[in-house]
Every structure is written in structure tokens, then in C-alpha cells.
Amino acid sequence: LIPVFLDSEVLSDTWSEDGAVHTIQRSCKLSVDAPRLLKKIAGVEVVYFIQKNTLNWRERTLLIEAHNETFSNRVTVLETCLYSVHPDNESWTCFEQSASLDIKSFFGFESTVEKIAMKQYTANIKRGKEIIEYYLSELISEGVTEIPRWTPPLQPPLSSDPYTIAAPTSTELHTASSSDISLGAGSTEPAEGDKLDADYIERFLGQLTPIQESCLIQLRAWLQQTHRGKIPKDEHILRFLRARDFNLEKARDMLCQSLSWRKEFQVDTILNSWMPPSCLQEYYAGGWHHQDSEGRPLYILRLGQMDTKGLVKALGEEALLRHVLSINEEGQKRCEENTKIFGRPITSWTCLVDLEGLNMRHLWRPGVKALLRIIEVVEANYPETLGRLLIVRAPRVFPVLWTLVSPFINENTRQKFLVYSGSNYLGSGGLVDYIQSEIIPDFLGGDCLCEVPEGGQVPKSYYQTEVELENADHIRLWTDTIYQSAQVFKGAPHEVMIEVVEESSVITWDFDILRGDIVFNIFHSKRTPLRKDTSTALPELNNVQLIDRSWTLGVDYSMVESPLTFREGESIQGSHITRWPGLYILQWKAYGSAPSRVDDVISSLPGSAHTSKLMYYTELLASHDFRGSMTSLESCHSGFSQLSGGTTSSSQSHGSSFISR
């Protein structure tokens, strides 16, 4: 039944003492479908392989091992096949096959030999199911439908007569009409997918080459041996293999790290345990919307309508990350559902991003930083889940955002991006090539009502401090936050120290006044401050003083900028180009006259009206990273173009500051 097989000779035939293991070793003569010239150069018409078959009745396995005898000093071919009974369903047979080809040298025709070997190997694999079914039919025609389990004999067998023990190997393997190639426990694939048949692969996994299929089998088998816990489904394992171009070692490392991450942070239960806060449900402008023309789930994100700064300050990066993870988990679930609906493998989704309204405020540095951190987590744990990204109505500022974000996106993912500026997404060559016209959202000129929230500016009443965010009763995915919060009392300012190593470095800041009025100042210190944390007893207050009351202004420290006063509700972004290396202190103090002793007592009480409250972010940048670039801070209240222009010309001054409300 195997076309290349010509003849064989039994070299050895042995049985174990209890008759449970039967081993046969043969020399097999095979024809080679190779060009006549190659056969003449090699000097052979046929090749010989040594095949060793081990049938273990006790363990109910059949192991077939083969290696080449011809040209063994030039080429090494190793092949292993294992039939075993599925541990969870005895009516299924597991079939695992792997092969390796190592060509050291072959008269300068190494690549040709490789192609011939792969071609013949693929052809022989396709005959595997036919051979099994042929012998099953033979047994059924003889009235044999079941073979009793092997039991140890009362006495050792006196001969090697196969009739005393023997039954055809295929029957003992309990091969049913729906055999299984799932590679063991943990698989929950539907019985209708015959895993020895190419139909299963095409139905659930998509087209795979023999090498790709072999990688999947090996990686799953390795997981079964080493991984404690739920074994991921075949399509999930395949995503990691594809992300690493089927490099088995790299894919294994990536998958293991992801599985550990999922277990540590309980990601498997996030769809049941995570409930988006009301602020997120109202102002996060994203949601699922039918599917694209190829059956992929379609996710719509109206990024230009979102107040990214407000969401970060109201929810923190932790909540945003959890929401993004829940979207990815929901996407995988929808892919499985669409696979069943459309009868073909759907393993990724399409994302439609509308950038209408995107402007410089979205290039606000802490927001971009949070976005990059989220991208890093998603790239590491959800590879090959994005089938296509359609970006429409991209404004002029988009190339700037793309320059900041694209280095953090995998090359394979970047190739799936399609960008449309203006209205050129309409008509032929636009969205209709990827999305059916009847489901194009109404806000993009279509007729389909889209229920994705419209976004909008997040009220500052939603803003939370990092202490409030840390009180959430779930395992934190990130232990640090971009924004810090502080309380400022009369007589007790809050101060932050920044160490500058090189002159002309740039100190940047971004803060919001949540309560009270604040005076902001910058100092250069000639002495090392002694930290005085007045919030030790009440950590949620977060109030630190660095400038000792015994210090003298102009002697121990100096003012590098004129103090500025900001009112409650204002958002402030700015930068200072340093003149000297050393220690710089940013200070926020309560606006008003010097306090009395009574004021000190009253203002120290939590929740006192004498207390001011702010959220802040600071960062030190090298001058070449800042000057003339888009790394400056920006919010919905700042005049970014003026800030950027001023920064570009700041090389003429050693010490200058730019502040915008």
C-alpha cells in the first residue's frame, strides 16, 4: 500500500519473557522518485532503511522507529511513529509522528535531496489513514470487532507462534473510525474532527506543512510531560509557534512564560471576575461589532474620541490593562464560536480604529508610556491574534504617534496594518474590501447602527489617587503606577528630588490640582536633603519634605524658576532645561499666607478643607531625546505647538522652562 516500498527482510524477531512485548527489526528496500541524473551520480537505484517495530501489549502501544542505512555517512534520516490509546477515551487512538533530516553533504545536490525527501515523506503520511482503514476493514470482514485485553500468561510462552498471543496491531490499538492525533490528556477537541485526517487540521487549525504539524505535536507532547495545569488547545499553541516562525525552542520559551503569567495573575478567569467600572463603560470608546468579510470578529476602537489622559488618571493603568486583557480573552472566545459557525478555522480578529479627533493631546507622554506597556503585555501573551488592523481617518499627527509606538510592535503584526487618511476609506479599495457594506458603522458613513460608546472627556470627579487604586481587591498585574498622588498642607509642602548627572538634561512634569490652590517651584540644591515623610502614620496622605527649615535660600539651595500659582481643577505640563548637574527639587505648596499653629493642627487632619491634593508625574530626559521631539508632555488644556516650538529653540539658553495649562 506504500508506493515506495519494494521489499523487506526480517533481521530479528523477539518476544519478552511474559509475551507482552514483540519486537521485529527489518531491512526495508525502497525506491526513490529522483531525477535519473541524481541516481546516476549517487550510483544507486534503491535505498535501504532499518525499521524497528515494538508492539507492547501491556502498555497498549506500537512504536515504529526507522533510520537510513544507505548514505548514512552523508545523510541522516530518523523517523518515529507512536500509536497509543487515548488516556481519556479508549475508543480513540493517538498517533504521533516525527521525523528529522540532516544532510551533511551529497555531491553538491543537498537542496535537491531535501526537496525530494520532503515530497516523499508528505506523500507517505497521506497514505497513513488509508492503510489503517484497509486493515480495519480486513478484520471486520473476518468478523473480528474486538480483541480482549492482554493478561499475563500463567506460564511463559513456549514458542514465538504469533497465533498464541497475536492479533493484528491495528485492532489492539482500538483504532476507531474517528482516530485522534491530539497528543494526550487535556485535549477537548470535538470527536467530529478526525485527527489522523487532514480534515481536522483544515477544520480547526488551517493549512500546515508536515514540519509545522511536527512542531505542534512535539510542543504539545513536551507540555504534557512538563506542564502542571491545563494544556492549551492546539490553536493556542499554534499562535506561539507562528509568532516564532516555528522555531520550537523559542516558541516553547514564549509559551511557558505566558502560561506562568496566566496562572500567576489568574487571567483564565478574567471574563468572569472582571467587571469594568462605570467610568470605563461610559468613556472607553471601543466594542465588538459583527465580523469582517472573512468571518473574523470585528472590534471597533474610536481612539480619537477617547480622553486617554482622563482614563489613566481615573482608572489607572492596572484597570486599563485588565480591560484590554478581557477584550483579548473575549476575542479568542469569539474566534472559537465563529470557527463552529463558518466551518473553518478562525484564529484571529480584525480591529477597526477610527482616528477622527486624534490630536496632539493624545501624544501626552505618560499616556504613550502606558500604551507601550500594554502593547508589551499583549504581544507577549496574545501573539498572532490580530488578523488585520484597519486605521481610518488618520490625521496629520498620526505619523508621530506611529513613530513612537511601532518599534514596540512585532514585525509580523506591523505588516497587518492598513492606514487610510481623510475619506479614502470609502469606495473600492477601502473598507468594503474587508468589511461587508451592510455592517460598516454609521459614524463612518455606513448604514449599520454601532453601539460602541462615543467616549468624551472624563470628568475630574472620577480621578483617583494611587492609594485608592491600590485598594482594589484583585491581584495586581503591575506593582507600579505612572502617576503619584500627594497631599499638601499649609506649612507642609510636598517635594520630589531629581538627580541630574549631565547639564542640559530636561526635567518634565505633568500634574493636576484636584483640590485647593497650589504654588509650584523648582530649586537647585547644594546639599543632600534629608527626607522627612510626614505621612508615615497615614500613608494615604503621601507628603514628603526635603528642604530643611534650617536651610538658607541662596546659600544652601537656589530658586531656578519664578514660582507659579495654579488653581483647583487645572492641568499643568511643563519642562525645565537644567543649567548644572546636581540635585533638583520640585515643590508644591499650599497657596496663601503663612499658617498659624492652629492652622497646622487643622490642616494635618485627613479630609481637611485646609488640605490641597494633586496627582503628578515627572521624568528626566536627556536633551537629545527632548529637543524638537514629540516626547514633551501634552494634555487637553495645553498649547502643544507653542511648547514644541519653544523647546526646539531652547538650545540658545542653558536654563529655561516651559509651562502650559
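## Strands, rings and a nonpolar core

Strand E4 (residues 61-68) and strand E5 (residues 75-85) run antiparallel and pair over seven bridges. Pairing here takes at least two DSSP bridges between two strands; strands (E, at least two residues) and helices (H or I, at least four) are DSSP runs, numbered from the N terminus. One of the bridges can be picked out by eye: Ala66 has Glu79 in E5 as its partner.

Before going further, a word on the source: this is a predicted model, where local features need pLDDT of at least 70, side-chain atom pairs count only at pLDDT 80 or more, and totals for chains, interfaces and linings use all residues. Residues are numbered from 1 along each chain as its sequence is written, and side-chain values use heavy atoms, with hydrogens and water left out.

Back to the strands: E4 and E5 belong to an open, antiparallel sheet of six, in the order E1-E2-E3-E4-E5-E6. At its edges are strand E1 (5-15) and strand E6 (93-103), each pairing on one side only.

Now for the aromatics. Rings of Phe, Tyr and Trp (its six-membered ring) pair if their centres lie within 6.5 Å; planes under 30 degrees apart are stacked, over 60 edge-to-face, and the rest tilted. That rule gives 16 aromatic pairs, and two of them are set out here.

| Pair | Centres apart | Planes | Type |
|---|---|---|---|
| Trp261 and Tyr382 | 6.5 Å | 90 degrees | edge-to-face |
| Phe520 and Trp588 | 5.4 Å | 40 degrees | tilted |

Trp261 sits in helix H9 (residues 248-264) and Tyr382 in the loop between helix H13 (365-381) and strand E10 (386-394), so this pair ties together parts 121 residues apart in sequence. Trp261 and Tyr382 are both buried, meaning under 20% relative accessible area with a 1.4 Å probe, protein chains only (exposed is over 50%, partly exposed in between).

Phe520 comes from strand E15 (residues 518-525) and Trp588 from strand E21 (residues 582-590), so that pair links parts 68 residues apart in sequence.

What about the nonpolar core? Such a core is a set of buried Ala, Val, Leu, Ile, Met, Phe, Trp, Tyr and Cys residues joined through side-chain atoms within 4.5 Å. The largest has 59 residues, and Tyr284, Leu311, Leu315, Val353, Leu355 and Ile391 touch the most other members. Elements supplying at least two residues each include helix H12 (308-342), strand E9 (349-354) and strand E22 (612-621). H12 gives the most, with eleven residues.
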